Amino acid sequence: MPSLILEGGTLRPIFSAGVMDALLDQEVMFPYCIGVSAGISNGFSYISKQNRRNLDILEKYRHDKRYIGVRNFLRSHSLFGLDFIFREIPNTLLPFNTETFNSYTGQLIVGVTNAHSGEPEYMNGLDIDDHWTMLRATCALPLFFPAIEMNGTKYYDGGLSDPIPIRKAIRDGNNKHLIVLTQPKGYVKPISKENAMVGKLLKRKYPNLEEILLTRHVKYNETVAFCEQLEADGQAIILRPKQSLNSFEKNLNQLRDTYQHGYDMAKGHINNIQKLFL
């Protein structure tokens, strides 16, 4: 069974949104989809078959202070307007197609990081609640989001502990993969002073997160190398942008171009992508 693997990266997965819209146009629906952060959030519109929805959201609301703005810290302790993004947009402004989403017969897996253990956990995205709590959790990057509570446990961004959940897909029995990354070939994640600072800030409340944050770059770089080996062995196709996009990109034309880049790349590889199903 083939899997679709989606990396996060705040606004960088607009590239992935282009890839998935090309898949929709070519009527390619993966029976297994897993990802973290904004990658899997965009993936929900793929499962609901809403072409261009992710691009429409950024075109309409990237510069809306209800979407991203420091005043949101007063309401939701987040740079992002959590209720605006996860309530007003899907329920009213750009309605999410729940009926089509619920008709999906495959597996949809959302990766999150347990704030207490520091370990990754994987949740059934088809069990999403009306508050989109699962997606709030997988996007909850420390400093920009508060920890999100589900079933009495606090969670942070899934990308902290498992940035590219390819091994989970393999454990679940998938043997061919389309891996959509949001950094260009050759990118090596550096040691981050910001992660060290965040780790110290969270250490008292969530002591196991500090080590995860300090070694995040090691896990990321090792996982990319593992994905590249799968590709070399003929078990995966990797799609990734030729240039890096700023995680908080403000230029709408740049966002559109990155989306189109993803769309064109997927369309150009569509024959090989379809062979993953054979």
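This is a predicted model: local features need pLDDT of at least 70, side-chain atom pairs count only at pLDDT 80 or more; totals for chains, interfaces and linings use all residues.
Who does the touching here? On the α9 side you'll find Asn195, Ala196, Val198, Gly199, Lys200 and Leu202. Facing them from α10 are Pro207, Leu209, Glu210, Leu213 and Leu214. Sorted by class, the contact of α9 with α10 has seven nonpolar residues, plus two polar and two charged ones.

Now look at helix α3 (residues 53–61) and helix α12 (residues 252–268). They pack at an angle of about 175°, with their axes 10 Å apart. With anything over 145 degrees counting as roughly antiparallel, α3 and α12 are therefore roughly antiparallel to each other.

From α3, the residues that take part are Leu55, Leu58 and Glu59. They meet Leu252, Leu255, Arg256 and Tyr259 in α12. By class, the contact of α3 with α12 divides into five nonpolar residues, no polar ones and two charged ones.

## Charged pairs

Side chains of opposite charge can pair when their charged atoms come close. In this model the count comes to ten salt bridges. One of them joins the side chains of Glu7 and Arg12, at 3.8 Å from N to O. Are these two partners buried or exposed? Glu7 counts as buried, at 4% relative accessibility, and Arg12 is buried as well, with a relative accessible area of 10%.

Another salt bridge links Arg66 with Asp64, and the closest N and O atoms there are 2.7 Å apart. Arg66 is partly exposed, with a relative accessible area of 38%, whereas Asp64 is buried, with a relative accessible area of 16%.

## A link across the chain, and a network

Glu228 and Arg240 also meet through their side chains in a salt bridge, at 3.1 Å from N to O. The pair links distant parts of the chain, with the two residues twelve residues apart. Glu228 sits in helix α11 (residues 216–232), while Arg240 is in the loop between β8 (236–239) and α12. Glu228 is partly exposed, with a relative accessible area of 28%. Arg240, on the other hand, counts as buried at 10% relative accessibility.

Some salt bridges share partners, and they join Arg52, Asp56, Glu59 and Arg256 into one network.

Which charged residue is buried yet has no salt bridge? That's Asp21, and its place is in helix α1 (residues 14–25). The nearest side chain of opposite charge belongs to Arg52, and it is 6.4 Å away.

Leaving aside its neighbours within four places in sequence, Asp21 is in contact with Gln50, Asn51, Arg52, Tyr259 and Tyr263.

## A histidine in α11

His217 has its place in helix α11. At 15% relative accessibility, His217 counts as buried. Which residues does His217 touch, not counting those up to four places away in sequence? They are Lys189, Pro190 and Ile191.

Ser37 has a positive phi of about 55°, although it is not a glycine. Ser37 lies in helix α2 (residues 37–47) and counts as buried, at 7% relative accessibility.

Leu143 is another residue other than glycine with a positive phi, this time near 85°. You'll find Leu143 in the loop between α7 (133–138) and β5 (148–150). At 41% relative accessibility, Leu143 counts as partly exposed.

Definitions and conventions:
Residues are numbered from 1 along each chain as its sequence is written. Side-chain values use heavy atoms; hydrogens and water are left out. Helices (H or I, at least four residues) and strands (E, at least two) are DSSP runs, numbered from the N terminus. Buried means under 20% relative accessible area, exposed over 50%, partly exposed in between (1.4 Å probe, protein chains only). Lys and Arg count as positive and Asp and Glu as negative; His and the chain ends are not counted. A salt bridge is a side-chain nitrogen of Lys or Arg within 4 Å of a carboxyl oxygen of Asp or Glu. Contact means heavy atoms within 4.5 Å. Axes are lines fitted to C-alpha atoms, for helices over the stretch in contact, and angles run from 0 to 180 degrees between N-to-C directions. Angles under 35 degrees count as roughly parallel, over 145 as roughly antiparallel, 65 to 115 as roughly perpendicular and the rest as oblique. Ala, Val, Leu, Ile, Met, Phe, Trp, Tyr, Cys and Pro count as nonpolar, Asp, Glu, Lys and Arg as charged, and the others, Gly among them, as polar.
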